[in-house]
There are 2 protein chains.
Amino acid sequence: MTDDESRFVEEMGQMLASYGMTPMAGRMWGWLLICEPPEQTAAEIAEALRASRGAISGTARLLANAGMIQRTTRSGDRREYFSAPPETFESFLQSAASIYRRFRLMAERGLEAMADRPPASRARLEEFRDVFAFVEREVPAVVDRFLREGAGRTGRKERA
Amino acid sequence: MTDDESRFVEEMGQMLASYGMTPMAGRMWGWLLICEPPEQTAAEIAEALRASRGAISGTARLLANAGMIQRTTRSGDRREYFSAPPETFESFLQSAASIYRRFRLMAERGLEAMADRPPASRARLEEFRDVFAFVEREVPAVVDRFLREGAGRTGRKERA
DNA sequence: CAGAACATTCAGTATTGACTGAAACTTCTG
DNA sequence: CAGAAGTTTCAGTCAATACTGAATGTTCTG
């Protein structure tokens, strides 16, 4: 790993950490975005990032749950391979969009909590809920539109 | 504050904390979404949340920077009033959308770091950049569309 | 300008939580 | 089935950081 690459990996670590993930999650994702070959074993990643196997294991699960990486296996090989292919960007975006859903649901819980308050008091939270409900509906549509409009432009394989 | 309201405030604290803000930021925002009157002084907030003045001060700046609350003053009153009116939801969304920009910029930094690598190796990051650039462009448009389409529906004052 | 009312800063404390590394577990090979 | 190769779990350590509260700074009033 060159110095520039190492800096990129480290900055990605800080960035994802600033959004509530762990630094290691950012480092691992960053590394999988630039590494060669694109598929790496846990051991390779641990060595590249100079991290423990335990950290890689936990972080891999976190990233996979967020839809940010892919785990693949090969027959006759006990090892697991991790990668961050283009498909994961979209699933990451879609899972990121679920944040809007969480906010809307929170607003609805709040409205239940203040069920017996006058309408004027509730108006703020109702508006809050409406704004987020709208974005929650529209963002997935934006990502889908990229898949259709943008697919050819970047030479990516068309899907579905 | 009723038990239900207190639970809402606390859950909002946990939720924003999970996205990299402080629990206090979430509590304060949550409280400002449901409190009566909608505008509250630092002293009132500190008492409601049973937090120190110092915490309120720092958190208020954080939330104001993120566009999530408004600070207002009144002539002949040294105190500052905090509130979370509907306008702030949109500015919050817009600042949330800037996250896509950060990701795109990060991809571009990464591409610089691997400038002398073969095109096949760079393809992943290029795709990454393209996806996020697309969403970065489109999400503000979604929010704007809400402002136009949704304004009447929720009885909110039309703007601009 | 003195003093009161409020806001901010910051050093210190307590808590949280990220990471390590050894032990336990799983899965494949001969 | 024994052993090897790999992965996951988890108790413990250490660093990061959220919050407190006293001291400092600021702004308005008489």
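Student: How do you know which residues of the surface near DNA strand D are nonpolar, polar or charged?

Tutor: We sort them by residue type: Ala, Val, Leu, Ile, Met, Phe, Trp, Tyr, Cys and Pro count as nonpolar, Asp, Glu, Lys and Arg as charged, and the others, Gly among them, as polar. By that rule, the surface near DNA strand D has seven nonpolar, eight polar and six charged residues. Before we go on, note that this is a predicted model, in which local features need pLDDT of at least 70, side-chain atom pairs count only at pLDDT 80 or more, and totals for chains, interfaces and linings use all residues. Residues are numbered from 1 along each chain as its sequence is written, while chains are lettered from A and ligands numbered from 1 in the order in which they are written.

Student: What makes a residue "near" a strand?

Tutor: Its C-beta atom, placed from the backbone, must lie within 6 Å of the strand. There are 21 residues around DNA strand D, and A:G54, B:M24, B:S52, B:G54 and B:A55 come nearest.

Student: Which element gives the most to that surface near DNA strand D?

Tutor: That is α4(A), with five residues. Helices (H or I, at least four residues) and strands (E, at least two) are DSSP runs, numbered from the N terminus. Elements that each supply at least two residues there are α3 (42-49), α4 (53-65) and β3 (77-83) of chain A, together with α2 (23-34) and α4 (53-65) of chain B.

Student: And which residues come nearest to DNA strand C?

Tutor: Of the 21 residues around DNA strand C, those are A:M24, A:S52, A:G54, A:A55 and B:G54. Two or more residues each come from α2 and α4 of chain A and from α3, α4 and β3 of chain B. Here α4(B) gives the most, with five residues.

Student: Why are the two copies said to be related as by a two-fold rotation axis?

Tutor: In general, two copies of a chain are related by a rotation about an axis and a shift along it. Copies are superposed by least squares on the C-alpha atoms of residues with pLDDT of at least 70 in both. Chain B can be laid on chain A by a turn of 180° and a shift of 0.0 Å along the axis, with an RMSD of 0.2 Å. The two copies are therefore related as by a two-fold rotation axis. In chain B, the residue closest to this axis is B:G20, at 2.2 Å (C-alpha).

Student: How do you know that the copies meet through the same surface?

Tutor: Two residues are in contact if their C-beta atoms, placed from the backbone, lie within 7 Å. By that test, 44 residues of chain B are in contact with 44 residues of chain A. On the side of chain B that touches chain A, α6(B) gives the most, with 15 residues. Since 100% of the interface residues of chain B are also interface residues in chain A, the copies meet through the same surface.

Student: Why is chain A called more spread out than a compact globule?

Tutor: The radius of gyration is taken over C-alpha atoms, and the globule rule is 2.2 Å times the number of residues to the power 0.38. For 160 residues the rule gives 15 Å, but chain A has 20 Å, well over that value, so chain A is more spread out than a compact globule. Its C-alpha trace spans about 65 × 40 × 35 Å along its principal axes.

Student: Why is A:R50 called exposed?

Tutor: A residue is buried if 20 or more other C-beta atoms lie within 10 Å of its own, exposed if 12 or fewer, and partly exposed in between, with C-beta atoms placed from the backbone. A:R50 has 7 C-beta neighbours inside 10 Å, so it counts as exposed. This residue lies in the loop between α3 and α4 of chain A.

Student: What is the class of B:R122, then?

Tutor: B:R122 is partly exposed, because 17 other C-beta atoms lie within 10 Å. It sits in helix α6 of chain B.

Student: What makes the phi of A:R50 worth a look?

Tutor: Most residues other than glycine have a negative phi, and most peptide bonds are trans. A:R50 is not a glycine, and its phi is positive, near 50°. As for peptide bonds, a cis one joins A:E36 and A:P37, with omega about -5°. Another cis bond joins B:E36 and B:P37, with omega about 0°.
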